[in-house]
Amino acid sequence: MDSNSAEQKDMASKAHADVHADEKAAANGKTAKLRIFRGDSGGGELVDYELPLVEGMVVLDAVLYVQAHQAGDLAVRWNCKAAHCGSCSAEINGKPRLLCKTRIEEFDGGEIQVHPLKAFPVIKDLVSDISWNYQVSKGIKPFTSDEQAPFTMYEEDVERLYEPKKCIECFMCQDVCHVLRTHHKHAEFAGPRFFVRNQWLEMHPMDNQDRLHDLKEDNGLGLCNITKCCTEVCPVDIHITDNSIIPLKERVADEYYDPAKWLMRKIRGNRGSRNGAAARNGSRNGN
Amino acid sequence: MASNGNRDTARERYETREYDVLIVGAGGAGLRAAVAATENGLSVGIVTKSLLGKAHTVMAEGGIAASLGNVDPADGWQTHFMDTMKSGKFINNWRTAEIFAKEAPDRVYELEQWGALFNRTPEGKISQRPFGAHTYRRLCHVGDRTGLELIRTMQEKVLATDAEVYMETTITKLLKSGDRVVGALAYTRENGKFIHFKAKAVVMATGGWGRIFKVTSNSWEGTGDGVVLAYDAGAELVDMEMMQFHPTGMVWPPGVRGLLVTEGVRGEGGLLRNSEGDRYMENYDPERMELSSRDVVARANYTEVQEGRGSPHGGVYLDITHLGYDGIMNKLPTMHEQFLKLADIDISKEPMEVFPTVHYTMGGIKTDPETGASNVPGLFAAGEVAGGLHGANRLGGNSLSDLLVFGRRAGEGASAYVKESVHSSDIAEGEVLTEIGRVLEPLKKQGEGESPYLMQQELQEAMMEHANLMRTGDSLKEGLGKVLGLKDRLANMKVQGSRLFNPGWHTAQDIRYLIQISEIIIRTALERTERRGAQWRLDFDGPDDELGRVNFIVKKDEQGEVGIQKREIPPMPEHLASLFEDKVVDMAGGEKRGAESQF
């Protein structure tokens with residue numbers, strides 16, 4: 001009984017016995033240095049922090065270490081820590097990156113500056129006010145279908161929808177886009193994220209809405225001059241420009257700038273092309 | 001000091017917002033409840049600690065379980081019901097499980113109706129993959145990002161309603177008038193302004209509390225706010241001793257330790273091996289092997305490492321290389337990316353190292369299966385924060401369908417309650433001001449104080465050491481002492497900085513929940529003196545038939561302490577009990593297996 005209970009204790013207490021074992025083993029006496037923006041809507045500055053470097057450390061680990069040990073009120077957004085949720089987007093050395101996916105080692109001892117997303121108003125430290133994005137999203141016609149689920153849809157009907165549906169809403173494409181970042185056209189431009197959402201909605205075989213008018217008039221699709229900055233920063237590799245924006249631009253062009261369609265609209269009224277759009281949605285060779 | 005506090009809070013201004021239904025939490029359950037309540041024509045407010053679309057639902061990878069029978073036509077609700085009960089070792093609420101199994105397919109089709117896209121079968125139907133301890137191929141999925149598809153669909157559905165969403169807002173207390181819950185106090189994380197929400201009914205959908213452990217797949221949000229808010233308001237909790245350890249979390253590098261490796265890897269044929277190259281599941285569950293239930297696989301992985309057959313970083317090997325690069329990119333693209341980017345491992349070429357990680361909380365607020373109502377009038381609950389469906393162990397894929405089935409039912413239940421009642425949601429103003437004063441305390445504390453971050457770490461380490469997936473009475477008692485010590489130190493907490501987006505202050509709120517839940521878990525784990533599902537007492541030999549017929553119910557007693565009551569589970573009605581009759585069913589859910597009875 002005695003040896004038994006000793007064994008039990010051993011088994012139970014070994015349950016991740018030394019929870020710091022890995023950190024200890026991984027720490028090598030080296031340190032990481034970070035310059036983090038500290039401030040709010042009234043302004044701020046870069047502050048230097050130094051912390052123990054752990055093998056495999058990502059920038060978010062470092063920021064959270066600083067928060068727990070050196071600056072308890074350091075504001076940062078994060079959730080999953082696995083690049084699934086898109087919460088921890090910020091700018092590292094001027095480029096939008098997910099903090100949870102950016103390894104410290106990548107910088108090879110060089111400077112690491114961390115700023116909040118700049119296309120939106122800063123709230124505090126690494127947190128920006130990105131609520132504008134949710135307003136834009138609310139304005140998009142949601143998925144609507146005349147068909148009753150369960151739908152019969154084949155892999156080949158939907159395979160191109162998987163890509164836009166991977167979006168994790170990190171809004172880094174919004175951050176990097178010149179139309180928003182440099183020209184501040186938030187009032188008339190929806191931004192790459194919402195062209196991605198429009199793309200799958202427009203191409204879903206069961207959806208019955210037409211969003212081309214909204215894309216042209218309200219979402220400012222024409223303002224995009226396809227510089228592909230959004231595609232470059234997408235953490236889930238959506239080819240935003242090639243697969244979302246350009247096909248939508250083509251559809252808008254077909255709809256509004258094709259002389260034959262223009263004439264049809266004049267004759268039949270503005271909604272004359274509804275059936276055409278539906279037929280295209282159902283087709284594999286849609287754009 | 002007290003009079004100072006009063007003067008301060010007397011000046012404190014707060015907003016008041018009024019809704020028919022207030023929903024706390026914006027994961028799958030909260031959003032589905034919101035849709036139900038708005039469809040009933042009610043005004044709805046949704047409060048979420050994070051941004052919309054970031055709730056833990058987004059992390060679900062493997063799929064949503066529903067007996068559509070698209071790939072295995074023999075599947076039906078009866079089998080799904082039986083699998084769920086067996087896996088829960090029969091302490092589940094059988095009525096909850098029955099409703100769940102019957103309604104899950106409707107909720108999946110409803111998602112499709114709202115724009116969700118699942119992988120397809122060659123016949124053009126929703127594809128379904130195998131998962132641990134599901135008799136048939138049952139998990140509807142889209143690659144390994146099913147949770148993202150679910151939450152985005154629900155988010156876009158809710159944005160198209162009149163429901164108002166309060167992002168980055170934290171509830172600190174449920175407010176009552178007499179016996180009824182009639183609202184809540186909240187503060188905004190952005191600027192620390194207080195909001196008094198008046199509501200005729202409140203739906204709690206705040207998710208789980210994995211953050212009480214150091215190694216967990218949960219985000220910072222999983223601090224169990226809802227279960228403690230409900231407990232403080234007089235709600236009964238059930239099965240709180242049951243914490244799920246997911247068999248496969250990442251082990252290296254240290255920063256990602258505990259991060260989830262989807263069960264989908266094993267669903268797609270992933271093999272578990274120890275450092276000697278053996279497929280050791282043969283010794284634990286030769287029939288189901290890698291696709292045994294989570295509690296069994298987690299203990300097997302744990303045991304292999306403890307007995308010296310672990311990998312260099314203290315895990316076991318999970319190998320999916322046979323699927324090849326193309327197969328992996330098709331079925332498990334997120335896992336490929338996760339390991340490549342965070343651990344420098346190409347899973348199409350080499351095996352992963354994995355070890356159990358705290359993942360899910362089976363227990364929670366005790367609810368009425370039909371309506372999601374708690375025992376407190378006006379308080380409803382759904383999703384992970386509610387208890388009863390999963391019993392002693394949850395099946396993979398059952399959580400996503402749980403969110404939708406019972407999110408909808410709680411939304412409907414709250415709506416019916418609101419329509420029937422004529423009560424006022426007024427409360428005395430003094431109560432709001434007192435609560436505001438309490439919440440501000442850590443910011444106002446003078447002199448020396450303790451860091452909430454370090455207290456949280458201390459708690460997480462105590463729970464890892466004493467309330468892990470193998471437990472003993474002695475160690476649990478030692479852990480309880482540590483937790484109660486921390487509880488006494490709560491008043492010492494001090495945070496630096498202002499109310500403007502201050503995570504230190506936010507953590508100071510969370511830690512109170514974490515400590516209270518830890519105490520409850522340890523106390524109930526001391527009561528359940530047996531081995532059943534996730535509760536594995538090394539100082540007892542096996543399942544105890546008598547304990548297999550009871551749930552442990554927790555309720556705050558008159559002294560404000562944790563009251564625990566053993567409550568009999570009513571016998572299953574004939575139409576359910578007869579389902580099990582044709583088969584030789586071990587009522588411990590496959591735990592008594594002769595020679596290797598430990599598993």
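1. Let's start with burial in chain A: of its 287 residues, 55% are buried, where buried means under 20% relative accessible area with a 1.4 Å probe and protein chains only. In chain B, which has 599 residues, 67% count as buried. Please keep in mind that this is a predicted model, where local features need pLDDT of at least 70, side-chain atom pairs count only at pLDDT 80 or more, and totals for chains, interfaces and linings use all residues. Residues are numbered from 1 along each chain as its sequence is written, chains are lettered from A and ligands numbered from 1 in the order in which they are written, and side-chain values use heavy atoms, leaving out hydrogens and water.

2. Next, the secondary structure. Chain A holds 14 helices and 7 strands, while chain B holds 16 helices and 21 strands; helices (H or I, at least four residues) and strands (E, at least two) are DSSP runs, numbered from the N terminus. With a radius of gyration of 23 Å, close to the 25 Å from the globule rule for 599 residues, chain B is as compact as a globular protein of that length. That radius is taken over C-alpha atoms, and the rule is 2.2 Å times the number of residues to the power 0.38. The C-alpha trace of chain B spans about 70 × 50 × 50 Å along its principal axes.

3. A contact means heavy atoms within 4.5 Å. Among contacts in chain A between residues at least 6 apart in sequence, 63% join residues at least 24 apart. For chain B, residues 24 or more positions apart account for 74% of the contacts with a separation of 6 or more.

4. Leaving aside residues up to four places away in sequence, Leu99(A) touches residues including Val58(A), Leu60(A), Cys88(A), Ile92(A) and Leu126(A).

5. Finally, have a look at helix H6 (residues 225-232) of chain B: 7 of its 8 residues are buried, so this helix is largely enclosed by the rest of the structure. Among the buried ones are Asp225(B), Val227(B), Leu229(B) and Tyr231(B). Just after H6(B), Gly234(B) takes a positive phi of about 100°.

Note on methods: Buried < 20%, exposed > 50% of the residue type's maximum accessible area, 1.4 Å probe, protein only.
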